[in-house]
Amino acid sequence: MTLSSAMQVGFTGIQSNSVTVDTVGDNLANANTTAFKSQRTLFETLMYRTIHEGSGPTANSGGTLPRQTGYGSGVSAIQRNFKNGSVEGTGFPSDLAVDGTGFFIVTDSNGENVYTRDGAFGLDGSNTMINPAGRPLQVFQADAEGNIGTTLGSLVVPIGASSDPVATTLAALDGQLNADGSVATAGEVLTSEPITTSTGAAATAGTPLTSVTDEDGISLFNSGDVITVNADKGDVSIPEATFTVGTDGTSLGDFATFLETTLGINTDAAIGDGAGVAIENGSLVVRSNIGTSNAVSLDGTAIFNTTTPVGAPFLFSTTTAAAGENIQTSFNVFDSLGNPVEVRLRMAMESKTDAGTTWRYFAESTGDTDLSPIIGTGTVSFDQTGRFLAATGSSLSIDRSNVGSATPLVFDLDFNGLTAYAGSEGSSQVIFESQDGRPSGILVDYRVETDGTVIATYTNEQEEVLGQVALATF
């Protein structure tokens, strides 16, 4: 090799290594570039110069190799390292990373698909998710029910959009009823002190309220008097109700009917517990439905004449105490406008036989717009192993007159999640599990699951599937 040739060969090495320096510099410069893949430079000999030809094998020799020297170096390839880098949280829900193989799909200005590992996405002015170059991210679109399809499209996250309210059609309960408890054979019975008329006779249902007197013969009511009722039922306060003498009724029997309705005492003959409010032997008698959760409490000021100085016209004492295994729970359902409507469910063990147990439930709602809060009653039966068998009367109806929503609000109760075992803690436990109604909400947030599913979150705690991020592999 001549001196000039040696210099040329050395120069090719300088050129090749300058590419290596450029590659290393580029790797360093992009150390903080999102999804950057480092590269390395691979070299090869440019050509070979043969000094001596080799020889083939003979009978006595295996032959000889040719003698060659390299003549300069060149860059054979610049190889990219596709090994996964570390994944770091950024605090931005739109920042994505691919764990494994695959590329995000975005579209260019011509609508053609292009591919990138850079997951630094964000929302533009139209709430479309784009990359820093303004190219929309492509996802598999979801339908109105949240089912992921096979059609690719841009991901739009409509921040600030509202969702329509949905009326409840099904409410599910869960928990355990204590089959080891006692059968509820009686309800609370309250009896007032004797009520007399101006003639001293015992009052009856037909006695005018204006003829009812105290023990001194002083009239307890005048026409136009306003009587308020503030009672408790199963240790839960009943909303205050008022009765105007002469407007809402005139007789003691009219007031008894009003009181029965206000207290939500269910007089359905199918129950057979004799509950109700009546005038018996000159006294006002209040019979609650079975179980302590239905027990009515009337203290000295529960019934009060707010118009006259008499104050409390009736004083009650307990003549029979409620008993038996029982439980109560409350939950909200939603009408067609998304208004929450409270439902209270009181349950008592109605019977216990060799075949299993049967529980009676009483449903009430303070959102029921008619006079009575009662919205239904029925039974729930369990077999010998405590498993749910069947339910009756599980369709409930809540009157929603003059509130602007569809009326009535009708929904079903699902008791399949209940069991009736011997309670390990000695008491029944019933909880509200779920219901399919919802109020209106505003989309305020979103997240991307590990499988790429994009889920929007509304202020009403509802979620909606918007799509699934698509990945391309080669």
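Residues are numbered from 1 along each chain as its sequence is written. In this predicted model, local features need pLDDT of at least 70, side-chain atom pairs count only at pLDDT 80 or more, and totals for chains, interfaces and linings use all residues, while side-chain values use heavy atoms, with hydrogens and water left out.

Leu 284 also belongs to the largest nonpolar core, which has 32 residues. A nonpolar core is a set of buried Ala, Val, Leu, Ile, Met, Phe, Trp, Tyr and Cys residues joined through side-chain atoms within 4.5 Å. Buried means under 20% relative accessible area, exposed over 50%, and partly exposed in between, with a 1.4 Å probe and protein chains only. Phe 255, Leu 259, Leu 284, Val 286 and Phe 314 have the most contacts inside this core. At least two residues each come from strand 16, strand 19 (241-244), helix 2 (252-262), strand 20 (276-280) and strand 21 (283-290). Helices (H or I, at least four residues) and strands (E, at least two) are DSSP runs, numbered from the N terminus. Helix 2 gives the largest share, 5 residues. Apart from this core lies another, of 26 residues, with Tyr 361, Leu 396, Ile 398 and Val 430 among them.

Helix 2 returns in the second largest pocket, where it gives the most to the lining, with 5 residues. On a 1 Å grid over the protein atoms alone, a pocket is an open set of points where a 1.4 Å probe fits, with protein on both sides within 12 Å along at least five of seven lines; lining residues have an atom within 4 Å of a point. The second largest pocket has a volume of about 560 Å³. Volume here is the space filled by probe spheres set on the points, which are joined across faces, edges and corners. Of its 28 lining residues, Ala 241, Thr 261, Thr 262, Leu 371 and Pro 373 are the closest to its centre.

The largest pocket holds about 1200 Å³ of space. It is lined by 39 residues, and Ser 86, Val 87, Leu 96, Ala 97 and Val 98 lie nearest its centre. Strand 33 (residues 441-448) gives the most to this lining, with 3 residues.

Now follow the strands. Strand 25 (residues 326-334) and strand 26 pair in the antiparallel sense over 9 bridges. Two strands pair if DSSP finds at least two bridges between them. The two form a hairpin with 5 residues between them, and Gly 338 in the turn has a positive phi of about 90 degrees. Strand 26 is also joined by 9 bridges to strand 27 (residues 356-364), again antiparallel. That hairpin has 2 residues between its strands. Ala 348 in strand 26 stands opposite Asn 326, and its bridge partner in strand 27 is Arg 360.

Elsewhere, 3 strands form an open antiparallel sheet in the order 6-5-36. Strand 6 (113-116) and strand 36 (471-472) are at the edges with a single partner strand each, so one side of each has no neighbour in the sheet. Strand 5 (residues 103-107) pairs with strand 36 over 2 bridges. There, Phe 103 stands opposite Ala 472.
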